Amino acid sequence: MITGMPAEDLTGRLLVASPSLKDPNFERSVVLLIAHEPSGALGVVLNRATEVQVEDVLDGWQDFAAQPQVVFEGGPVQPEAAICLARVRPGTTPDGFSRVEGVVGTVDLSTSPDAFDGSLDRLRVFAGYAGWDADQLESEISQGAWLVLDALPGDAFVPQPEDLWSMVLRRQGGMLAALAFYPADPQLN
């Protein structure tokens, strides 16, 4: 875990909302950072499924979509824009794929789905994204709003995304694992 202000590129890492983060856009969220640069950061919320089916908005891509095969709320910025995360098979780098970390990256949805046949393991589509201006994310991290943790290649594609926040915390062990059991409303405890 990184505490305080990060001195490194956090692309490909997870931002896990601390229990103190009460912004309804990010409460108990897990964000995969797709880009982290001096000018700012961009990521997608991995655990906010909608009821909109991928096949209803992107014909041809549903065969690659991970369960549940729905569009996810990627964040409050530009909810009309789509970002597609995918996991490719090891040893492949198809055209239209931009690597974020390891086998996970973004897919250019203007490319035909047929171009990815045999190379995509699974994908997930996000409406909107989370964005931070220069130094904004670093400030939020130093204030304790976010825990910065390592991502696993399957985090963006779990079949029960509503459990991702507690799942990521539990696998950390120690005191961070205890946060997984922090009640949504401590006053009711």
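Reply: Two strands pair if DSSP finds at least two bridges between them, and strands (E, at least two residues) and helices (H or I, at least four) are DSSP runs, numbered from the N terminus. This is a predicted model, in which local features need pLDDT of at least 70 and side-chain atom pairs count only at pLDDT 80 or more, while totals for chains, interfaces and linings use all residues. Residues are numbered from 1 along each chain as its sequence is written, and side-chain values use heavy atoms, with hydrogens and water left out.

Me: In which sense do β2 and β3 pair, and over how many bridges?
Reply: A hairpin joins β2 to β3 through two residues, and His-36 stands opposite Ala-41 in β3. The sense of the pairing between β2 and β3 is antiparallel, and the number of bridges is six.

Me: Which residue in β9 stands opposite Leu-42?
Reply: Strand β3 (residues 40-45) is mostly covered, since five of its six residues are buried, where buried means under 20% relative accessible area, exposed over 50% and partly exposed in between (1.4 Å probe, protein chains only). β3 and β9 run antiparallel and are joined by four bridges. The residue in β9 opposite Leu-42 is Gly-131.

Me: How many aromatic pairs are there?
Reply: Rings of Phe, Tyr and Trp (its six-membered ring) pair if their centres lie within 6.5 Å, and planes under 30 degrees apart count as stacked, over 60 as edge-to-face and the rest as tilted. By this rule, the count of aromatic pairs is six.

Me: How many residues apart in sequence are the parts that Phe-26 and Trp-146 tie together?
Reply: Phe-26 and Trp-146 form an edge-to-face pair, with 5.5 Å from centre to centre and 75 degrees between the planes. Because Phe-26 lies in the loop between β1 (14-17) and β2 (30-37), whereas Trp-146 belongs to strand β10 (residues 146-149), the parts tied together are apart in sequence by 120 residues.

Me: Is Trp-146 buried or exposed?
Reply: Ring pairs link Trp-146 with Phe-26 and Trp-132 into a cluster. Phe-26 has a relative accessibility of 10% and counts as buried. With a relative accessibility of 3%, Trp-146 counts as buried.
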